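Good morning, and thank you for making the time.

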Amino acid sequence: MKKRMVAIVLLFMFVLVSVIGCGGKKEDSAKKEEKEVAADETFMKDLAKALEARWALSDKYDSMDKYANAEIGSEEHKESYEDYVSAELDILEKYQTEKFEDSKLQEKAIQYINLLKQQKEACDYITVDYEKYDELWYDAFNKRTQMIVEFVNDYKLKVSDKYEDTLKDFTLNAQQVNEENEKEGKVQALIGSIEFALAEDDGYGWKTYNAVVENTTDMNFSYFGLDINLLDQDDVILETTYANVSNWNSGQKVKFEFTTDKEFVATQVTGEYTE
């Protein structure tokens, strides 16, 4: 009888431990799942928090003579801009290793953080190579504004009423960037369509090549210039020559022309323009 009672007690304890163990595993699994879901939900909240922290710091520094009156390229300039970036990174950097349910959101979060890091890197050049700083900083700034608009449109990013106008400024900048990118795409397509053909051979080694090109864009160019690399069979540049035109309106055709004594097999054309 005593042995039977011991066996029953042991069986009861085994069942109890099993139930608790399973419950613990389920609870751990639920917590893990909750954590993974939370990354999607908390990132947007933390992004708003990070942006507001940056903008609040900018407002604060604008009221301080040390930073408001700092010379471009000075140590104070560098210090303030590093602080602006850190205000966001301190909140968002952890999301580089967080798990998201939405893989696209995770990709965008990492991309945005990398743009902040690019701005942080740009600050290193403020006092030593301002042109390099300017290039890195505003490349990242323009892409950040585009991404912030995506977060607003696709993921319902919201900021407090105090910063609604600041967010609208970002939206306007993103729109301008998109318009510039669209223009650049049209210009590059136009340049890519240019093909030079032999027009004249003077018999003494000099040859003239030209290309008749229609302005298929909706832009009117006050100046349009081409840099033309003449390449050999190994893509080695033999010579760089130039051609340009002024007052080239949409729908008009112009003739670009150059003369060379080089025997080339291909051209590589780039351009610059003003409207």
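This is a predicted model: local features need pLDDT of at least 70, side-chain atom pairs count only at pLDDT 80 or more; totals for chains, interfaces and linings use all residues.

**Cores, rings and packing**

The largest nonpolar core has 36 residues, and those with the most contacts inside it are Phe43, Met44, Leu47, Leu92, Tyr112, Phe151 and Leu157. A nonpolar core here is a set of buried Ala, Val, Leu, Ile, Met, Phe, Trp, Tyr and Cys residues joined through side-chain atoms within 4.5 Å. Buried means under 20% relative accessible area, exposed over 50%, and partly exposed in between, with a 1.4 Å probe and protein chains only. Two or more residues of this core come from each of helix H1 (2–62), helix H3 (75–92), helix H4 (103–123), H5 and helix H6 (164–192). A second, separate core of 22 residues includes Phe196, Phe224, Trp248 and Phe258.

Residues are numbered from 1 along each chain as its sequence is written, and side-chain values use heavy atoms, with hydrogens and water left out.

As for the overall layout, the protein has 6 helices and 6 strands. Helices (H or I, at least four residues) and strands (E, at least two) are DSSP runs, numbered from the N terminus. Their order from the N terminus is α-α-α-α-α-α-β-β-β-β-β-β. Of the 275 residues, 34% count as buried.

Which residues does Tyr112 touch, leaving aside its neighbours within four places in sequence? They are Leu47, Leu51, Glu88, Leu92, Arg144, Met147, Ile148 and Phe151, where contact means heavy atoms within 4.5 Å.

I turn to the aromatic rings. Rings of Phe, Tyr and Trp (its six-membered ring) pair if their centres lie within 6.5 Å; planes under 30 degrees apart count as stacked, over 60 as edge-to-face and the rest as tilted. By this rule there are 27 aromatic pairs. One of them joins Phe151 and Tyr155, whose centres are 6.3 Å apart with planes at 55°, so the pair is tilted. Both residues lie in helix H5 (residues 130–155), 4 residues apart, about one turn of the helix, and both Phe151 and Tyr155 are buried. Phe224 and Phe256 are also tilted, because their centres lie 6.4 Å apart and their planes stand at 45°. This pair links distant parts of the chain, with Phe224 in strand S3 (residues 221–231) and Phe256 in strand S5 (residues 253–260), 32 residues apart. Phe224 is buried at a relative accessible area of 0%, and Phe256 is buried at 1%.

Next, helix packing. H3 and H4 pack at an angle of about 160°, with their axes 9 Å apart; axes are lines fitted to C-alpha atoms, for helices over the stretch in contact, and angles run from 0 to 180 degrees between N-to-C directions. H3 is therefore roughly antiparallel to H4, since angles under 35 degrees count as roughly parallel, over 145 as roughly antiparallel, 65 to 115 as roughly perpendicular and the rest as oblique. Among the residues making the contact are Tyr81, Val85 and Leu89 of H3 and Tyr112, Ile113 and Leu116 of H4.

Finally, the backbone. Lys156, in the loop between H5 and H6, has a positive phi near 60° in a residue other than glycine. Lys156 is exposed, with a relative accessible area of 60%.
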